[in-house]
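Dear colleague,

Please find below the structure that I am handing over to you. My notes on its domains, open spaces and one of its helices follow.

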Amino acid sequence: MIPAVVIAKKRDREALTREEIDFMVTGYARGEIPDYQMSALAMAIYIQGMDAREISDLTDIMIASGTCLKRVSDRPRVDKHSTGGLGDKTSLILAPLLACCDLDVPMISGRGLGITGGTLDKLEAIPGFRCNLTDEESESQLQEIGCFITGATDLLVPADKKLYALRDVTGTVPSIALITASIMSKKIAETLDALVLDVKCGSGAFLPTRDRAEALADSLISNGKRAGIATTALITDMNQPLGEMVGNACEVDESIQVLENSGPEDVRELTLELCARLLVATGKSNDTASARSTLLGHLSSGRAMERFERMVARQGGDMSAPRPIAKTVAWRAPKSGYLVSIDGQKLGQAIVVLGGGRAFAGQAIDFSVGLRMLARLGDSVTAGEELLHVYGDRQDHVTSAVELITQAIQIADEPNAAPLLWTEFVHRPR
Ligand code: URA
């Protein structure tokens, strides 16, 4: 087979055979296909797309580049995947909460890049927390505690690690075909029975429009179902941060509030709904109403918090050690009116400028910085009122972040409709 011929076929909108995809992707993972040819193919896929059969083949071939996680108990195995956004901390609550419901939650998470935060970065704000568990460590932790949250080992879909890094620098990340294969290969390799997808939509999401978010949800669900995983999705709002806190240590604090049965209503609501979907999908609950009542019981009894503490301790984290929080500066409303829009991209850039996110892969994170939103879209605000707190110790960074926040937040004389936190997604295979 000749790489240039395969690339030209995709460029001319022809579907690739399984053998052709295997030749390119497996060859790339083994170092036999160079970056320049794989980049050309990624760009051809980005422009021309792939049909469902090609996406399934690509997913399977990527999974075969590594090894899948092993079942360690008779409990159903579940996970959630979010397409990422600001203040998205539901994983920290969801994993221990579902473990209380006799489910195994083998959660392989990622780090933040650009404006999207990463679960591993948040957890590493807990002094000592380790996100590099070996397969043996994660298996025994799952058996005993029912959940772990760790990074992928080199054996879990290595083709994705290499291809994702290439896509990141060649402008080929936002392709539904490539995103589907990337996300689902890692989830299928977790050997799941059920998966819930949190597909974000809005100014702070990487797919801002409802149409694109729905197309991705359809593609992910089709791919999960054909792999025998009960897969459902919610389309969730990312026109404003989830909860009040955006950052690393401050998001851990807010997650702990929810685990202690308080915390912001939107974080509680979204986490409960995502968990409820998995309880129904695995037959642990008959409907979402009874699922939610079970989940609330685990929050109010302290069992969910206790499970989180056990997970953290098992992964080396010290909950009693102080988590870093930088000095606070208030950002005040420049005029009276209604909070009508928040540019999530700019708010996310403010976090990166403060040092809480990464401008490039591998950049060190400052766990102590962040933002606290004191108002929600639709709120009426008064000139001079504190709308946001900025956490940062470096004055130059805080000044740049404040400029971005000033550009991001719009106040108008008339209110507009506040967005719905989540909406039901009805799967229509395309
Ligand atoms: N997250 C992933 O894991 N892969 C993508 O391609 C995009 C988001």
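How many cavities of 30 Å³ or more does a search of the whole structure find? The search finds three. The terms are as follows: on a 1 Å grid over the protein atoms alone, a cavity is a set of points where a 1.4 Å probe fits but cannot get out, whereas a pocket is an open set with protein on both sides within 12 Å along at least five of seven lines; lining residues have an atom within 4 Å of a point. Grid points are joined across faces, edges and corners, and a volume is the space filled by probe spheres set on the points.

Please note that this is a predicted model, in which local features need pLDDT of at least 70 and side-chain atom pairs count only at pLDDT 80 or more, while totals for chains, interfaces and linings use all residues. Residues are numbered from 1 along each chain as its sequence is written, and side-chain values use heavy atoms, with hydrogens and water left out.

Domains

The chain is divided into domain 1 (3–49), domain 2 (78–314) and domain 3 (328–412), with bounds that come from an automatic or database domain assignment. The centres of domain 2 and domain 3, taken over C-alpha atoms, are separated by 25 Å. To their contact (heavy atoms within 4.5 Å), domain 2 and domain 3 each bring 24 residues.

The largest pocket holds about 1,600 Å³ of space. Its lining has 50 residues, and those nearest the centre are Gly110, Arg111, Leu113, Tyr164 and Lys186. Among the elements that give two or more residues to this lining are strand E1 (78–82), helix H8 (158–168) and helix H9 (176–188); helices (H or I, at least four residues) and strands (E, at least two) are DSSP runs, numbered from the N terminus. H8 provides the largest share, six residues. The largest pocket lies between domain 2 and domain 3, because both give residues to its lining.

The largest cavity contains about 140 Å³. It is lined by 23 residues, with Ile115, Thr116, Gly117, Ile351 and Gly356 closest to its centre. Helix H15 (344–354) is one of the elements that supply at least two lining residues, and H15 gives the most, with three. The largest cavity also lies between domain 2 and domain 3, since both contribute to its lining.

The second largest pocket

About 400 Å³ of space lies in the second largest pocket. Met50, Ile55, Ile176, Ala215 and Ser219 are the closest to its centre of the 23 residues that line it.

Helix H3

Just after H3, Gly49 takes a positive phi of about 75°.

Yours sincerely
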